[in-house]
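Please open the structure in your viewer and keep the selection tool at hand. The stops below can be taken in order.

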Amino acid sequence: MSAKPKLYYFDGRGKMESIRWLLAAAGVEFEEEFLETRDQYEKLLQGGSLLFQQVPMVEIDGMKMVQTRAILSYIAAKIDMYVGGTDDLMGFILMFPFLSAEDKEKQHAVIVQKATSRYFPVYEKVLKDHGQDFLVGNNFSWADVHLLEAILMVEEKKSDVLSGFPQLQAFKARISSIPAIKKFLEPGSKRKPVPDDKYVETVRRVLRMYYDVKAN
Ligand SMILES: N[C@@H](CCC(=O)N[C@@H](CS)C(=O)NCC(=O)O)C(=O)O
């Protein structure tokens, strides 16, 4: 979320309270305009801000959103959206060990190209625009864990892949230093190494996968 969301409601719980809770939990700062007079409400109505002539209304990311459930889903969907993008990037890497030598060469270029021209620029901009430590709001979420995992995977293919992404370099350092993550990154943890021949052979044997996977 780039600018602070602005909440339009009464100075009380009502239907807005769950939205306040979710924003607070996500670490998103917000502003509020409390409705005290009929004039304020009429102004919103006449300005076309209230689709069903009802509040809660939340100005967020350039939209005027109404319907509590839709507002709640939108905030939660941010995390999902970033995780989805990261997932797509990881998809290019996941099948890499099962490719033919020739396809591996092609896929290597695809991974670096997709990371640097499609996915990393998005996260770089998100972090730069809101200036906070994490992707969504100011709280550590699945979106951050997933992105760090993807960054490390791409770096295994090209170690200086973050050279044009200062925000992501700082992000990587920040997330890697969170104690639980730090521990997981240390030798001897349950983190698995880069897939090796033994792993590939085992998967092929168990799944009877006697063919080369095609690059996507
Ligand atoms: N389904 C809507 C209901 C919103 C709603 O009932 N808002 C009330 C205030 S809590 C309202 O604006 N009522 C004015 C009206 O319906 O004319 C939501 O969840 O946001």
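The tour of this predicted model goes from a pocket to a surface patch and then to some backbone features.

**The largest pocket**

Next, colour helices H3 (68-94), H5 (142-157), H7 (179-185) and H8 (197-207), each of which supplies at least two residues of the lining. The most comes from H5, which gives seven residues. By residue type, the lining of the largest pocket has 17 nonpolar and eight charged residues, and no polar ones.

**The nonpolar patch**

Now select Phe140, Trp142 and Val145, which make a nonpolar surface patch of about 290 Å². Trp142 is part of helix H5. Its relative accessible area is 51%, and because exposed means over 50%, Trp142 counts as exposed.

**Backbone stops**

Move to Val55 and Pro56 and show the backbone: the peptide bond from Val55 to Pro56 is cis, with omega near 10°. Pro56 sits in the loop between helix H2 (38-46) and strand S3 (57-60).

Go on to Asp61, in the loop between S3 and strand S4 (63-66). Asp61 is not a glycine, yet has a positive phi of about 50°. With a relative accessible area of 27%, Asp61 is partly exposed.

Finish at Arg208, in the segment after H8. Arg208 is also a residue other than glycine with a positive phi, here near 50°. Its relative accessibility is 66%, so Arg208 counts as exposed.

How values were computed. Residues numbered from 1 in each chain as written. Predicted model: local features only at pLDDT ≥ 70, side-chain atom pairs only at ≥ 80, totals over all residues. Heavy atoms only, no water. Helix = DSSP H or I, 4+ residues; strand = E, 2+ residues; numbered from the N terminus. Nonpolar A, V, L, I, M, F, W, Y, C, P; charged D, E, K, R; others polar. Patch = residues over 30% accessible without salt bridge, like charges linked within 9 Å, V, L, I, M, F, W, Y side chains within 5 Å. Areas by Shrake-Rupley, 256 points an atom, 1.4 Å probe, with all protein chains shown as cover. Salt bridge = Lys/Arg side-chain N within 4 Å of Asp/Glu carboxyl O. Buried < 20%, exposed > 50% of the residue type's maximum accessible area, 1.4 Å probe, protein only.
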